[in-house]
Amino acid sequence: MVNLTNEWNYVTSAFQLSTTKDTSTKESNNSHRLSDGAIAAIVISILMSILLAIGGFFAYKYRETIMDFIRERLHLNKDEDNDEISSSGDIDFYVLAARKDPRGLSGRVLIDGSPLPTSYKYMVGYVVQDDIISGTLTVRENLTFSANVRLSKSVSIEERVERVNQIITDLGLEACADTRIGTEFLRGVSGGERKRACIGMELVLSPKILFLDEPTTGTIIFSIHQPRYSIFKLFDKVLLLCKGKCIYQGPPGEVLSYFDKYNYQCEEHDNPADFALDVLIEASKTKGSLQKLSKAYLHSPMHTHMTDLIADLDPNENEIYDENDERPDEQNRPFTNEIFYLAQRTVKNAIRNPQLALSQTVVAIIIGLLVGLVFYDMELTVSRGVQNHLGAIFFIVVSQIFSTVTALEPLLKERVLFIHENVSGYYRTSTFFVAKLVCDILPMRVIPSLIFSIIAYFMTGLQRTFGQYLIFFLTIFMSSVFGSAMCFLAAACIPMFAVALISVVLVFVVMMVFSGFVVDLATVFSSISWIQWISAFRYASNVLTISEFRHLTFCQTINSTKICQLTGKEVLDDRDLAYATDWDLWKHFLALIGMAVFFLILAFIQLIRIKKTK
């Protein structure tokens, strides 16, 4: 009997869980903790990674300013002259279309001599150069979506369908009307048909003004680079800009005679559009030439005409709609309609683009089988049971949160579409957020979490009661939701996939270090130990640890005698986890929910603040 007791004391001291918890055992515990030097090295590495991530983010955000400073110091040419003129025109084009913050610029934008109304973005169309459109929908479905979310509630469904069909006919899209636009995984319509579909998305609004960025097709207002003469002569008016200064604004037929007065002659067979561009390039190189042409415009009848228009402006006239005009602004579009149509499109995108859902399901199955095989039917022994149970819980939580980074790339791709549609007045920011959350983020996490929980829970041999399985599933699901919320925030803040991925992984690693499994939190410097209170890994693992261990008893067989003196409650005591009441468990679960909600709120705020210039 004496030998039996000695052997039991040896086993319990090896796992530092002796029921007597005497002083010698506590000292043994301390000897196994990481040294202050090791902890300091880990913390310094984490802080350096954080500083590098922050530095990379600001370097990307202010890259143009940094590059301008470097060019100035090294006396490098900025860009080719025609590109500089092109970008200058693009900036002014964005300002006219109310796509760019006008701070730092002078002048006023008027429509028929009147200032821009508050509903300006709901009455103009803007077709971007990059053909931003949902690739999983057909041409007809994209046009119908635009009509449903942008037109006033006074426009009936029949009128919307009729308008969509008319636009399809006008743009020559009948042959591809029911063909999907196309994605990287799906071949769709041609480039020309895609461009016309983008134009049709704006035409359904019957806009007062239509802006097109390099479409090479006729319209009211658009920017175009080096058009051929057959297109150039069709313009009603042309506006020539150089470094933000107006050089000419008038009919295209008078361009040659105007510049001829200032000793700029066009050769006989030269394209007038190319000639005008050559004049602008020369003006941009020579300060005297630019001042000469700018001064000439200021004394021209063109500038006098614009000055007279501004002088006749009525400051009380701030609306250009007639009384009976259709007003497709937010007040005339119910929030519920926007939610319905945007949710409908989100569901269609998920169904027609199954690669993401399939990959997440496959990953859930593989990781679930891996967990089940590694921790298969865990024993309730002192020598192996405690370590395996804790290891399984830690690995489960880590794998589920880290697996959510697969959602980062799709969110970044949809970011561009959101920016374009939101600034164009398709829908409110809150509409997009709610539809994305309810129809995409949450549903996309339910099935993988359910599949993983069924496989992992029953293969590992955790306590097989319905109540504890439900706690396990809810914890897995909320861990995935937290990870998705973190990815949502990163996608809203950082447009580059590589930088966003590094940032998300960095946050996850920091939280994982302070989960209580990697290092004893009692040994961490007090100045950084507060990070444990914002660690989703810690809250999720605490829920599973309390749920599993508070009803367990671990046994050890010595000399054919089974001794069950170690309980799960003693393991929880050793880890400083309270377990006496249900609140001791659910408070960690509520904290996990709170962190997910917190990051979702930050993502929503960033969606509102995001710079919308597309």
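## Two loop aspartates

Asp 576 sits in the loop that joins α23 (568-574) to α24 (582-609). This is a predicted model. The phi of Asp 576 is positive, about 60 degrees, although the residue is not a glycine. Most residues other than glycine have a negative phi. Asp 576 has a relative accessible area of 69%. The cut-off for exposed is over 50%, so Asp 576 is exposed.

Asp 377 also has a positive phi, near 45 degrees, and is not a glycine. Its place is the loop between α15 and α16. Relative accessibility is 44% here, so Asp 377 counts as partly exposed.

## Helix α15

Helix α15 covers residues 354-374, 21 residues in total. From first C-alpha to last it reaches 30 Å. That is close to the 30 Å expected at 1.5 Å a residue.

Which residues of α15 are buried? They are Gln 360, Thr 361, Ala 364, Ile 367, Gly 368, Val 371 and Gly 372. Viewed down the axis of α15, they fall within an arc of 135 degrees, so the buried residues line one face of the helix. Their packing partners are α16 (385-402) and α19 (443-460). On the other side of α15, the exposed residues are Leu 358, Ile 366, Leu 373 and Val 374.

## A nonpolar surface patch

Phe 335, Val 434 and Val 438 make up a nonpolar patch on the surface. Together they have about 230 Å² of accessible area. Val 438 belongs to helix α18, residues 429-441.

Terms used:
Residues numbered from 1 in each chain as written. Predicted model: local features only at pLDDT ≥ 70, side-chain atom pairs only at ≥ 80, totals over all residues. Heavy atoms only, no water. Patch = residues over 30% accessible without salt bridge, like charges linked within 9 Å, V, L, I, M, F, W, Y side chains within 5 Å. Areas by Shrake-Rupley, 256 points an atom, 1.4 Å probe, with all protein chains shown as cover. Salt bridge = Lys/Arg side-chain N within 4 Å of Asp/Glu carboxyl O. Helix = DSSP H or I, 4+ residues; strand = E, 2+ residues; numbered from the N terminus. Expected span 1.5 Å × (residues − 1). Buried < 20%, exposed > 50% of the residue type's maximum accessible area, 1.4 Å probe, protein only. Arc of directions from axis to C-beta. Contact = heavy atoms within 4.5 Å.
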